Amino acid sequence: DAESDAYMRLWHQALIRRTGSAEPVASYSVRRIKHLGVFSTCECHRRTKCIWARHITTHSKALAGRAVHGLCTEAGDDSGLPIRIKTRGVPIHLYADPIGVEEDAIRQLVSIAESGLAEHFVSAMPDVHLGKGAAVGSVYASKTLVAPNGVGVDIGCGMAAVPVEKLFRDDLVRDASDGTDGFVKEAKAVQRLIKAKVPTGADSHLEALKGTAEAISAISKEHPPSPWLRKLLSANARVARQLGTLGGGNHFLEVLYDETGQVWLMLHSGSRWIGNHTADVYNRKAIDQMRRDGRSPPSGRSGLNDLNSLRIDSEEGQLYLQDMAWCQAYALANRRAMLGIMTQIVRDVLNRRTEDDRMINTHHNFCQCERCTVRDPVTGAEVSEELWVTRKGATSARRGEAGLIPGSMGVGSFVVEGKGESLSWRSCSHGAGRRLSRTKAFELVSQADFEASMNGILCDRTEALRDEAPQAYKDLSQVMQDQKSLVSIKHRLHPLINVKGIEKGSRQKKKGEARRDRKS
């Protein structure tokens, strides 16, 4: 009928935009049409500012009975993002093409939206993917509940970076036409010293760094730990010895350069063992509390919907927020300590200082109370209230706020500035996001392809790092395109030197790390 023909024309126009192909619709099979999606009219009827909307069949099981529409964009953004997914709870704002999102991640977003945790809506960043209990890249705000696995098992995981004064790419790399790799001896010395001085993987410092006791004391003074955590800190020397250590998985230390050639130092890490242990302890407390309250946990496979919550007004809820704040502060201090080590190395080897007034140190696994202004996308009405905003694998992007969005080890990163978009809870992505699981990366990415993708970068290329190959991650340029309404790009950083944590042990142990790494 005429209405169906109109929908098909809209679908075909969108297909041309996405693929660049003007191939006739008739040449596509029904199965392919269902995979790519079918388009419907927009629910808001504000056609002057609204892009055609989309009804998703790609995730028909995860989205059964839930309508999917495009949202109006006041800035005239022609991307059609975010996509609005209606659920039996609050809607989901998806800043990505649903075709590129795992169905299990969609299920996790729906679970958050229908759990009673979220107020107003759930936002999903462009790098959204499957996580433990909650999708990595999910952002939501709560009044009464907090979920340990909603925050993530590496509490306070995040990024830090600082530019180096009067140090440029050409100081580290020279013409490689003579058959060498092009890196000067000073660059190789920097890489060697970073690997020697910053413990990676499961390693810790043999002795705590100078100033660690004072740093932990200052954290405890500003964020008093619960009696349980205080006792743990006094009895476990590992917490002190891990301050200034990287960890494994997707954590890294890098030397990069921006569009002017200026060199930057950057790293990705979190709260190490103490954050993981704290998250696990309070997730078990959440399970117990939900049983006592008669609240039903989300149904589904173990791990997929392990989204257990604590009442914020309960004793356990208050203690979790207290200890979570401690772990977040520890993560900040951990990144600061490693950046200090890298800074000293650059000073010793190259006689250059960092521009500390331009340092960025920010979380992307955290929860904090914020004054939130929420705008209804249909009516335009606004409401302002204080809510607990949970970001798991998402970066705060308030208007004018500096942030860091890293790619894979061969791609580089972006320095960004937030636009304060309320539809995303003033957030943006935390990186590119995984495209392949660690197991799939080992299976599908050859060692030769991994090594080729790292050409021009001073780094380890051992087989143990193949699950971190650029091919295992989403296209960072597309991720940035999908969030152009959330952030503006200030600098594009390209990698020169990369150091990652290589897990000791068998390849099977390395694959087992995938379960823990789903948080990041």
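Select Asn-149 to begin: this residue is buried, with a relative accessible area of 1% (buried means under 20% relative accessible area, exposed over 50%, and partly exposed in between, using a 1.4 Å probe and protein chains only). Asn-149 belongs to helix H4, residues 148–151. Helices (H or I, at least four residues) and strands (E, at least two) are DSSP runs, numbered from the N terminus. Display next the residues that Asn-149 touches: leaving out those up to four places away in sequence, they are Lys-132, Gly-133, Ala-134, Asn-283, Asp-306 and Lys-392. Contact here means heavy atoms within 4.5 Å.

**The model and its confidence**

This is a predicted model, in which local features need pLDDT of at least 70 and side-chain atom pairs count only at pLDDT 80 or more, while totals for chains, interfaces and linings use all residues. Residues are numbered from 1 along each chain as its sequence is written, and side-chain values use heavy atoms, with hydrogens and water left out.

Colour the chain by pLDDT, the predictor's confidence in each residue, from 0 to 100. The mean for the protein is 84, and 79% of its residues reach 70 or more. Residues 23–60 have pLDDT below 50, and this stretch has 92 contacts in the model beyond near neighbours in sequence. Residues 64–76 are also below 50, with 42 such contacts.

**The annotated histidines**

Select His-268 and His-364, which UniProt lists, in an unreviewed entry, under "binding site". UniProt positions are given in the numbering used here, feature names are shortened, and annotations may be inferred rather than shown by experiment. The listed residues span 97 residues in sequence, yet no two of their C-alpha atoms are more than 10.1 Å apart, so they gather at one spot.

His-268 lies in strand E11, residues 262–269, and is buried at 4% relative accessibility. Beyond its neighbours within four places in sequence, the contacts of His-268 include Cys-157, Gly-158, Met-159 and His-364.

Move to His-364, in the loop between strand E13 (360–363) and strand E14 (365–375). His-364 is buried as well, at 1% relative accessibility. Not counting residues up to four places away in sequence, His-364 touches, among others, His-268, Arg-391, Lys-392 and His-430.

**Helix H8**

Select residues 227–235, which form helix H8; its buried residues are Leu-229, Leu-232 and Leu-233. Seen down the axis of H8, these fall within an arc of 100°, so they line one face of the helix; the arc is that of the directions from the helix axis to the C-beta atoms. On the other side of H8, Pro-227, Lys-231, Ser-234 and Ala-235 are exposed.

**Aromatic pairs**

The structure holds 4 aromatic pairs. Rings of Phe, Tyr and Trp (its six-membered ring) pair if their centres lie within 6.5 Å; planes under 30 degrees apart count as stacked, over 60 as edge-to-face and the rest as tilted.

Select Trp-228 and Tyr-282: their ring centres are 6.0 Å apart and their planes stand at 90°, so the pair is edge-to-face. This pair links distant parts of the chain, with Trp-228 in helix H8 and Tyr-282 in helix H10, 54 residues apart. Trp-228 is partly exposed, with a relative accessible area of 29%, whereas Tyr-282 is buried at 2%.

Turn to Trp-326 and Tyr-330, whose ring centres are 5.5 Å apart and whose planes are at 15°, so the pair is stacked. Both lie in helix H11, 4 residues apart, about one turn of the helix. Trp-326 and Tyr-330 are both buried. Finally, show Tyr-320, which ring pairs link with Trp-228 and Tyr-282 into a cluster.

**The nonpolar cores**

A nonpolar core is a set of buried Ala, Val, Leu, Ile, Met, Phe, Trp, Tyr and Cys residues joined through side-chain atoms within 4.5 Å. In the largest, of 60 residues, Leu-94, Leu-109, Val-122 and Trp-425 touch the most other members. Helix H3 (residues 103–113) gives the most to this core, with 6 residues. Apart from it lies another core, of 29 residues, among them Ala-187, Val-255, Leu-267 and Leu-458.

End at Asp-181, in the loop between helix H5 (169–172) and helix H6 (185–197). Asp-181 and Leu-458 are 277 residues apart in sequence and 8.5 Å apart in space, C-alpha to C-alpha.
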